[in-house]
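Subject: Two-chain model

Dear colleague,

Here is the model for you to look at. My notes on it follow below the structure.

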Amino acid sequence: MEEAGEIKKIMYVNRKAPYGTIYALEALEVVLIGAAFEQDVCMMFLDDGVFQLKKGQDTKGLGVKNFSPTYRALEMYDVEKIYVEKESMEVRGLTADDLIIPVEVKSNKEVIEMMSDMDVLLNF
Amino acid sequence: MKFGIMINEGPYTHQASDTAYNFVIAALGKGHEIYRIFFYHDGVNNGTRYTTPPQDDRNIVNRWSELAEKHEIDLVICVAAAQRRGIADADEAKRNGKDGDNIAPGFRISGLGQLLEASIQADRTMVFGD
């Protein structure tokens, strides 16, 4: 494990819909494993990535596992900074009330500023 | 500068692996260090030695193996992503009851922690993907 005292600001950037590709699921696996490293992490959901947090996901017809309840476990992993881009939600007709966990809504301008402030951006 | 590299797409299907390779060559040429290259998602398919492209095309897998040997670069394939996609070393093959392994020389299979550790240790993390 990393040496004590070296804390980096890491943003997990989630840009893709939850199903159709495996990116969202495997991104979540990185976040959960990454929690053990006790870094200053946050998650950003933008573009179709905002659908990952949508309430009422039903994957029966797809025949794949609905992994959306796992997002509720993030808090237990001390992943508490969860951001959603305002514009991405708006163009998809979503509001924060449609999401399964509490999030902070950020404008595109704020997202850009936050990204500039990160040490590490892991894009999925 | 010390770079950590993440490759998220498979060879041939996607440009990511080629771009990452060219980046690594350029970085080494400028005297930078490559701390680790971590293969995730379909990127794990960069590490199977069964890859057999047409003779007039580049061999992306061999290219990584040669690079690793020449510059002692740590090529790490994510174990969870590899299991889904059928990439195995001898230990993994045995553990999962498979009849053989297919990992290419210079690669090793390990956990996602290797990605996080590289991100922490490196000065810059570069992600190559879609």
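E2(B), helix H2 (residues 60-71) of chain B and strand E3 (residues 75-78) of chain B form a right-handed β-α-β unit. Right-handed here says that, with the strands pointing away from the viewer, the path from the first strand over the helix to the second runs clockwise. Helices (H or I, at least four residues) and strands (E, at least two) are DSSP runs, numbered from the N terminus.

This is a predicted model: local features need pLDDT of at least 70 and side-chain atom pairs count only at pLDDT 80 or more, while totals for chains, interfaces and linings use all residues. Residues are numbered from 1 along each chain as its sequence is written, and chains are lettered from A and ligands numbered from 1 in the order in which they are written.

E2(B) and E3(B) pair in the parallel sense over three bridges (two strands pair if DSSP finds at least two bridges between them). In this pairing B:Ile37 is opposite B:Leu75.

Strand E1 (residues 2-7) of chain B also pairs with E2(B) in the parallel sense, over six bridges, and B:Ile7 lies opposite B:Phe39. E1(B), helix H1 (residues 16-29) of chain B and E2(B) make a right-handed β-α-β unit as well.

Of the seven residues in E2(B) (residues 33-39), six are buried, that is, 20 or more other C-beta atoms, placed from the backbone, lie within 10 Å of their own.

Between the chains, 17 residues of chain A are in contact with 15 residues of chain B (C-beta atoms, placed from the backbone, within 7 Å). On the side of chain A that touches chain B, H1(A) gives the most, with six residues.

Regards

Note on methods
Two residues are in contact if their C-beta atoms, placed from the backbone, lie within 7 Å. A residue is buried if 20 or more other C-beta atoms lie within 10 Å of its own, exposed if 12 or fewer, and partly exposed in between; C-beta atoms are placed from the backbone.
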